[in-house]
Each structure stands twice: as C-alpha cells, then as structure tokens.
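Please look over the sequence and the model before reading on.

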Amino acid sequence: DVPHFVQRNLDNHQSRNRLAIENDHITRHYGISWVLKHDWYHVLLGWNTFYSIVFLLALWTFWIIMFAVFYQTIDRSSPEKDCGLGIKGNPIEFHGAFAFSLETCTTVGYALPSGTNALFVNCPGLQLAIYLQMVWSMLFNALILAFFFARLGRCDARGTQSLFSNKAIIEEKGGKWLFHARVYDFDSAKPLIEAHVRLYTAKWNNYNRPKDRGEQPSLWQTTRVLSPSDGLGSVLYTSIPTCVTHHIDAYSPLSPPLAQKSAGVVPGHGLVLREADSDTFNRDGYCCPVCGETYASLENLKRHINYTKLYKKKDKTPIEGSHQDETIVTPELTNKFVMSEDELRESLKDKEVILVVEGMEPLVSGTFQALQSYTAEDV
Ligand SMILES: [Zn+2]
C-alpha cells in the first residue's frame, strides 16, 4: 500500500485539497516561533475563523485591561494631583479605569470620570498613555479590517467545487496507452478564469536508492499532459466535463522501466519528454548510430537504414562500421515502446497520480487549487 499525498476525505470521492505532508524536520529544527516571527499574518489567516476571532477579541480586551491598569497606576502615582480620573485624594478604581480605557480605545465621545478639564492642563503622563492607546487602537483596527477582508474573501475553499471523476481510465488506442481522468466545475454557470491542470506522479519504489547514493530523491515526478496539451499551457474550460489525458509512453513516470529501456527512443537527459512531440515532427526522437542523423519517427529511421543499406551494398562499402554492420544497427534499435497490460498494472502499484487544477474565481479574482489522487485501485 502506498501512502496517499492527497486523501479523498470529502463526500463523493473528492478531496479536501490538503496535502498529507508534515514538516517534521523543519518544525523540530526551526520551531513554530520561526514562522510566527517571519510570517505571522499568514499563520493567523490560516486559522479557523472562529478561533481567530476569539483570539483577536481576547488580544483587544487584553490591551484594554492593560491600559486600564496603566491609567490606574498613573492616577495612583500622584493622588494629590487632579487629572480628572479620580477625585483628588481618592484615585480611580479599576472598573472606572477600565471604562475610561474602553472609551479611549473606541473613541465613543469623551467624558472624564471626574469631569474637569484637569486632563488638558495637569497631566502630561496621562496624555502620553492616551496617545499610545489610540495609536495601538488605530493599528489594531487596520489589522482587523485587513484580516476580515482576507479571511472572508479567501478562495481556497472554492477548490471543493472542482469535481473529479472517482475513477481514472487507462485505455489502449491505436497501440498507445492513455490515462484519462475527468474534471468538471460544480458552479458551471459562472466559468472559472484561466483554469489549467498539472499532473504529478509520486513514485515510492526505489525512493531511498538516490538518497543512499547521495543524490536528491525525486518522489514527485512531473507528468506530461497530452490533452489539454501542456505545450499550450494545459488550459481547461471546466464548465464542460473535460477529460485530462496523459500518454503513458516511453518517457512517462507511469510506464515500466524495463519497457522504457528497451524502446529505441533518445534519452531525456533529465528533461520530461513526450513521444507525441516527435510523432508530430516537433522533435527528433530517434537517432541513427552510424551516421548520427536524427529522425522524428521510428518509421523514418527504419526507411533511412533500409535505404542506406541498399545503396551501400551496391557501392560495395565495407560492412564494418556501415549501416550493414549488425553490431551497430542492432534489431533493438528500431524497437517500438511496448508494454503489456500486466506490466502496466505492476508498474502502477507503487504510484499515486496527482491532478492539480488551478484557476481563478471570477467574483473576487482569487486563485485556488483543487487536488485529486489516483492510485492503482482508483484506475
Ligand atoms: Zn544513418
């Protein structure tokens, strides 16, 4: 059983669009305080709305109480001086200081508890405390406005309206193996803007082998999209149920490694290639090992070898090192990429195909992501 990055934890086989990844190492070495220090706003935005409102109200109330304590302390520090808070010789009580602090914070009119204009004349210390509370209050109001705007207008939940088929299909068509999954938007009357799809394959077999060699393991592998072609940005119109197709070719992370090795295609050198690009003459996918000429299709390479063999025979060119040399032009050279259904089933066992649909929500222009996952049993 392979671990699932994307869990299908919503009804109707959909996912909550959260990856099952924990940053164990980072949390242990940097601690949560590191991220709070550098990006506290987005940590706060990520909290549940209810908890964040409770937290912000608690913070607001805490500072009102703190300022109430300051006012009480200031008033008590010189009981004989009339600042208009308490009566001369009788400093303000806590509940009075709290009401004054609340009044200052919310700027609801202005009345001094012991109504004189002493505040404006006598007490610079008290004026400083009022000034600081008003600065704090202004900044806090700005924060709470920004927070509510961002939290209520956020679009990450919009992804739940992007629906994916429960099962993916693999069909063999004209000698090609195609992987299909379907995407459809629930709110199809209000089309998404610039929706597009990406595919990844998580491969668990041999995950540790590159690590043992001191190389970077590539657990997630980019998987090319044949339709809607990733060459054109794999853009989707999700208001109509749309098939997302991947060609399981000699370069696909889904195909069995043995079948990949026996195919006569050029190596990818770390790039993720598609056979379809050479099939349509956009790129040469086959190379003649004798003269170095490259060809887009296997048929063209075969024609080249057969034709060159014919006239080299007529020219009486020495066999060694020529197109007639069977140690160079081996029969495997013109092997097509072939695999059986059983090989493909075996190859899918350690894999999870992950579909990522991204789009823009038309009302507030926020971007979002929707995820779905297919393992061998979902195909
Ligand atoms: Zn040649």
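Predicted model: local features only at pLDDT ≥ 70, side-chain atom pairs only at ≥ 80, totals over all residues.

Residues are numbered from 1 along each chain as its sequence is written, and side-chain values use heavy atoms, with hydrogens and water left out.

**Zinc site**

The zinc ion has as protein donors Cys288 (SG), Cys291 (SG), His304 (NE2) and His323 (NE2), at 2.0 to 2.2 Å. Donors are N, O and S atoms within 2.8 Å of the metal (3.2 Å for Na, K and Ca), and sites may look incomplete because water is not among the atoms. The arrangement is tetrahedral because the 4 donor atoms subtend angles of 100 to 123° around the zinc ion; for four donors, this term requires all angles to lie between 85 and 135 degrees. The spacing of the donor residues in sequence is C-x2-C-x12-H-x18-H. Cys291 lies in the loop between β7 (286–287) and β8 (294–295) and His304 in helix α10 (residues 298–315), so this pair ties together parts that are 13 residues apart in sequence. Helices (H or I, at least four residues) and strands (E, at least two) are DSSP runs, numbered from the N terminus. Cys291 is partly exposed, at 43% relative accessible area, whereas His304 is buried, at 14%. Buried means under 20% relative accessible area, exposed over 50%, and partly exposed in between (1.4 Å probe, protein chains only).

**Cavities**

A cavity is a set of points on a 1 Å grid over the protein atoms alone where a 1.4 Å probe fits but cannot get out, and its lining residues have an atom within 4 Å of a point. Grid points are joined across faces, edges and corners, and a volume is the space filled by probe spheres set on the points. The model has 2 cavities of 30 Å³ or more.

| Cavity | Volume | Lining residues |
|---|---|---|
| Largest cavity | about 70 Å³ | 13 residues, including Arg224, His246, His247, Asp249 and Arg274 |
| Second largest cavity | about 30 Å³ | Asp75, Pro79, Lys81, Gly86, Ile87, Lys88, Asn90 and Pro91 |

**Ser252**

Ser252 is found in the loop between β6 and α8 (257–262). Ser252 is buried, with 1% relative accessible area, and a polar atom of its side chain lies 3.0 Å from the backbone nitrogen of Leu254.

Methods:
Tetrahedral: all angles 85-135°; square planar, octahedral: opposite > 155°, others 65-115°. 1 Å grid on protein atoms, 1.4 Å probe; cavity = no way out; pocket = protein on both sides within 12 Å on 5 of 7 lines; lining within 4 Å. Polar contact = N/O pair within 3.5 Å; in protein donor to acceptor, adjacent residues only side chain to side chain.
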